[in-house]
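Me: I would like to learn how to read a protein model feature by feature. Could you take me through one?

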Amino acid sequence: MLDLVIKGAMVVDGTGSPGSVIDVGIRGDRIEVVDQAVEAESAETLDASGLVLAPGFIDVHSHDDFHVLIEPEVRHNILQGITTVIVGNCGFGAAGSEAGKIQMKAINEPSVELPDWTGYSGYLDEVEKTSPSLNVAALVGHHTARREAMNGVADRPPTDDELKAMLANVEEGMEAGAVGMSTGLVYEPGRYASTDEVVALGEIVGKYGGVYVSHMRDEGAGLLDSVRETLHIGKASGTPVQISHHKSVGKTNWGMVSQSLEMIEEAVSQGRDVTADQYPYTARSTMLFALVQNGTFNSSEGGAMGKSDPSEVLLCSVPGYDEYEGRTLQSFVEEFDLPGEDAANKLLSEYSDAILVAAFGMDEGDVRMVMAHDSTMIGTDGLDRGSKPHPRAWGTYPRVLGKYVREEGVISLENAIHKMTQMPAEKFDIPNRGLIKEGYFADVVLFDPDSVIDGATYENPRVGPQGMPHVIVNGSFAVKNGEQVGSRTGHAVRKGQI
Ligand SMILES: [Zn+2]
């Protein structure tokens, strides 16, 4: 007997092929049957006429390494149909746990005390023990490895022994089942690493067949050089490449993504495996400290993170000063009677050094161009911290489906689903997920293609979507009739392991 039969939905299976109205039968944590009309007896039957049934979304660009342990319901993810996250992006990994926790404080102080774990093996064990609402795969973080090996942020190359310790960190992670390694070469301490340092670490990743994932050194005027460096690291280390949140930031750099996309095309034509991810917004979100450090407010071009005017910068999270959240940097420029960078520095030194902001600086045309490209998959890059987080933490997937698929026709529904499911599953070697297929894990999302839309805005960001009534993780409802039902059936996912 089946546990659940979903009848009458338009099944869009993740391959990119057009959908068809067929039934899906689930038993235990697996999809047991996909057929024209499932007649087998079932404990529960769901009439899903008018809805699209797709594989649960795989968020390739998550920063919820700690969130899945602190608040394992991960409401912001699960309501928008995410059933697997790949954490450890932009260089910020989870192991060693001490280095990871120090980094996490730069983003935001965790509200609860977390245990220590040993290596990525220990981290993934902790995830499994916690059993969050969704599945979790991990990248090894370069910052974390470097911080731990070099005893904090070091503005110099590693010694031989320090490099050895970093190599051991990466090797432990890959051995434990990490799906690759990420860098964040614009942030501390990754910004102090040479290309060769990253290649050396990448060789370990390549040996295990993992992916090299990079928040590149420069997404402003230096974007193309950064893409060149990233492609070089992939080639020299023998790793497939994933360019994180592909974009060009700062008005003077708009349109440059057409050239970076061409560079990807050229690499692909040479047989290389090069892809990217994207969140569907024109504001980025990062640490205020990093914007200052990269010259966002003090030069005409704005440095490696591009230019943003203080009026385009919203404070998302200011630990200890909630009342400042949602205000623009411009309002502090006026209150303090200081230029943008000085006002930012005053906030950082006198209020909190862990301020997160959303900063406009991208072109909507660029967002569409990147999304429509074959190399692009979807990721949230979300951080559900503070009272005014960037809305991508809650709205990314329904926004793509509502705004970019239905309203604007930038990509087809089948293509969008493919970019959210099979494409990341294959790239990151996550077996038996990312498709609606017999024998696959029953990670399923059901939404109304005529009404699905994000509810999260910059003013009111902690809001789930509309038109996405059901989400199933490993065969159990995580969301039913639009309500999170509290089941926590996620697993730690180790590279290549079922
Ligand atoms: Zn990043």
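This is a predicted model: local features need pLDDT of at least 70, side-chain atom pairs count only at pLDDT 80 or more; totals for chains, interfaces and linings use all residues.

Me: How is the chain divided into domains?

Reply: Domain 1 covers 2–55 + 440–453 + 460–484, domain 2 covers 57–281 + 362–427, and domain 3 covers 283–361. The centres of domain 1 and domain 2, taken over C-alpha atoms, are separated by 28 Å.

Me: What area is buried between domain 1 and domain 2?

Reply: The size of an interface is often given as the accessible area lost when the parts come together. Here domain 1 and domain 2 bury about 2,500 Å² between them, and carbon and sulfur atoms give 63% of that area. Of the area that domain 1 buries against domain 2, P461, R462 and Q484 supply 26%, more than any other three residues. In terms of contacts, 32 residues of domain 1 touch 31 residues of domain 2.

Me: How many salt bridges are counted between domain 1 and domain 2?

Reply: Side chains of opposite charge can pair when their charged atoms come close. The count between these two domains is 1 salt bridge. The side chains of D384 and R462 form a salt bridge, at 2.9 Å from N to O.

Me: Next, the metal. Which protein atoms are the donors of the zinc ion?

Reply: The donors are C90 through SG, H215 through ND1 and H245 through NE2, at 2.1 to 2.2 Å from the zinc ion. Their spacing along the chain is C-x124-H-x29-H.

Me: Are C90 and H215 buried or exposed?

Reply: The cut-off for buried is under 20% relative accessible area. C90 has 2% relative accessibility, so C90 counts as buried. H215 has 5%, so H215 is buried as well.

Me: How many disulfides does the structure hold?

Reply: A disulfide is a covalent bond between the sulfur atoms of two cysteines. The structure holds 0 disulfides. For C316, the nearest cysteine sulfur is that of C90, 15 Å away. C316 counts as buried because its relative accessibility is 2%.

Me: What should I look for in the backbone?

Reply: Most residues other than glycine have a negative phi, and most peptide bonds are trans. V74, not a glycine, has a positive phi of about 35° and is located in the loop between α1 (67–70) and α2 (75–78). V74 is buried, at a relative accessible area of 1%. The zinc donor C90 has a positive phi of about 60° and is not a glycine either.

Me: What do the buried residues of α3 pack against?

Reply: They pack against α5 (142–149) and β18 (356–360). The buried residues of α3 are S97, A99, G100, K101, Q103, M104 and I107.

Me: How many salt bridges are found in the whole structure?

Reply: The search finds 27. One of the salt bridges pairs R385 with E71, whose closest N and O atoms are 3.9 Å apart. This pair links positions 314 residues apart: R385 is in the loop between β19 (376–378) and α14 (392–407), and E71 is in the loop between α1 and α2. R385 counts as buried at 12% relative accessibility, while E71 is partly exposed at 33%.

Me: What distance separates the closest N and O atoms of R488 and E73?

Reply: In that salt bridge the distance is 3.4 Å. R488 lies in the segment after β23 (483–484) and E73 in the loop between α1 and α2, so the pair ties together parts 415 residues apart in sequence. R488 is partly exposed, with a relative accessible area of 33%, and E73 is also partly exposed at 33%.

Terms used:
Residues are numbered from 1 along each chain as its sequence is written. Side-chain values use heavy atoms; hydrogens and water are left out. Donors are N, O and S atoms within 2.8 Å of the metal (3.2 Å for Na, K and Ca); water is not among the atoms, so sites may look incomplete. Buried means under 20% relative accessible area, exposed over 50%, partly exposed in between (1.4 Å probe, protein chains only). A disulfide is a pair of cysteine sulfur atoms within 2.5 Å. Domain bounds come from an automatic or database domain assignment. Contact means heavy atoms within 4.5 Å. Buried area is the accessible area (1.4 Å probe) that two parts lose on being put together, summed over both. A salt bridge is a side-chain nitrogen of Lys or Arg within 4 Å of a carboxyl oxygen of Asp or Glu. Helices (H or I, at least four residues) and strands (E, at least two) are DSSP runs, numbered from the N terminus.
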